[in-house]
Structure formats: structure tokens, C-alpha cells
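Please look through the sequence and the structure shown here before reading on.

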Amino acid sequence: MEIVEMVLVGKVNKEIVSLINQHGGQAVGLSGRDGGLIKAKKLKVRYKDEAGKEEVLDIGRVGEVDTVNPQVIEALDESKFIPVIAPVGAGENGEAYNINADLAAGKIASALKAEKFILLTDVEGVLDNHKKLISTLDAKEASDAIKKGVIMGGMIPKVECCLDAVKEGVGKAHIIDGRVKHAILLEIFTDKGIGTEIVKG
């Protein structure tokens with residue numbers, strides 16, 4: 001976990017901060033452990049063995065968000081700083097937990113009651129059975145698409161954290177292709193957008 005934290009907090013986070021600052025922003029790098037921003041608990045992965053007995057798999061220092069304290073972010077926002085947050089949370093005894101970045105971002109958006117929650121990925125957005133982009137999904141449609149196998153693989157946790165966010169007070173969630181130049185501007189300020197928006201419905 002020490003190496004993971006060094007990479008996420010000490011390298012990747014600082015590189016993003018530097019890029020934002022080079023382009024005129026005022027970014028500040030944070031870990032979820034700073035200021036009690038993200039309280040985490042150990043992620044319990046449950047599975048059934050060959051006999052059908054439920055077991056809990058220990059996958060090390062991987063956690064999930066327990067609570068988010070948005071005061072640190074709000075203070076930075078008031079001073080016009082851009083927070084760049086590494087998805088590492090603090091356990092009950094101060095121990096570090098690595099958290100899925102999408103899930104951490106979703107919980108932070110929920111705590112802030114953000115107007116929009118945007119996930120950048122390397123695909124267009126959510127695709128239908130014919131590999132065509134779905135521009136808009138409400139919560140029920142998204143849940144049904146997961147159950148029917150339309151949404152599969154790595155897209156499932158992304159959609160699920162978007163669903164959680166809109167259920168917890170976020171205005172809209174978006175999944176867009178971060179490889180597209182000006183992707184966020186195109187999604188927000190054009191009529192059709194370029195990715196998938198998920199609304200509460």
C-alpha cells in the first residue's frame with residue numbers, strides 16, 4: 001500500500017496538479033487522508049466456494065468510502081483553488097486504503113451535492129446492443145440495462161456510481177470519452193453532448 005500511495009499521491013496527483021497550473025489554473029493536490037476528507041473501511045469481497053458456502057476474500061488494503069467531509073474542498077473552492085484528489089482514504093485507525101477512483105469521485109460529488117458529476121473514460125459512453133451510443137438514461141433504464149446485460153464489464157461500476165450519485169442529490173451524471181478534445185465543453189454546452197448522461201428520472 002505504501003508504494004500505491006507513493007504513486008497515486010506523490011506522482012500521478014502532482015503531475016495532474018502541475019499540468020493544470022501550467023495552463024493557468026490554481027490546483028492543489030490532496031489525498032483523501034488530508035483533513036479527514038475520505039473516511040474509508042475495508043472492502044469485503046464475498047464469494048461462494050465450491051460447496052456453496054459464502055466466504056469473505058481478503059484483497060488487502062482495498063477500501064470503500066465510508067464518509068466524506070466536504071469542508072476541505074469547500075474551503076479551497078471559496079479561495080478559487082482546484083482540488084485534485086488522490087483516491088486514498090483513511091481507516092478507523094488512520095491506515096491507508098486504496099479506493100476505486102470512480103467510486104471515490106462519485107461519493108465526493110454526492111457529499112458536495114454537485115450539479116454535475118463527469119467521468120472521463122476511453123470509450124464514447126454507454127453503448128446499446130448494436131454498439132451505438134446511448135445519449136440519455138434515467139435511473140430505471142440504466143438499472144434495467146445492467147440486469148439485461150446491455151451494460152457489461154468495466155462499465156457496470158461506472159454506471160452504478162453515477163446512479164448512486166444522482167440518487168444522493170447530484171443533478172446529472174455523465175460518462176464521456178476523455179480522449180476527445182474539449183470533451184467536457186462539448187458534453188455540457190452542446191444540445192446533444194458527446195457521451196451518456198444519467199438522470200434520476
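Contact, in what follows, means that heavy atoms lie within 4.5 Å. With that in mind, the buried residues of α5 are covered by parts that include α3 (101–112), β9, α4, β11 and β12 (196–199). The model is a predicted one.

**Domains**
- The protein is divided into two parts, with domain 1 running over 1–99 and domain 2 over 113–200.
- Taken over C-alpha atoms, the centres of domain 1 and domain 2 are separated by 22 Å.

- In soluble globular proteins, nonpolar side chains tend to be buried together.
- The largest nonpolar core here has 24 residues, and those with the most contacts inside it are Phe117, Val126, Ile151, Val159, Ile175 and Ile198.
- At least two residues of this core are supplied by each of β9 (116–121), α4 (139–147), α5 (155–167) and β11 (172–177), and the largest share, seven residues, comes from α5.
- Another core, of 12 residues, lies apart from this one, and among its members are Leu30, Ile38, Val68 and Ile73.
- Leaving aside neighbours within four places in sequence, Ile175 is in contact with residues including Leu119, Val126, Met155, Val159, Cys162 and Ile198.

**Helix α5**
- With 13 residues, α5 reaches 18 Å from its first C-alpha to its last, which is close to the 18 Å expected at 1.5 Å a residue.
- The buried residues of α5 are Met155, Lys158, Val159, Cys161, Cys162, Leu163, Ala165 and Val166.
- After α5 comes Gly169, whose phi is positive, near 110°.

Key: Residues numbered from 1 in each chain as written. Predicted model: local features only at pLDDT ≥ 70, side-chain atom pairs only at ≥ 80, totals over all residues. Heavy atoms only, no water. Domains from an automatic or database assignment. Core = buried A, V, L, I, M, F, W, Y, C linked by side-chain atoms within 4.5 Å. Buried < 20%, exposed > 50% of the residue type's maximum accessible area, 1.4 Å probe, protein only. Helix = DSSP H or I, 4+ residues; strand = E, 2+ residues; numbered from the N terminus. Expected span 1.5 Å × (residues − 1).
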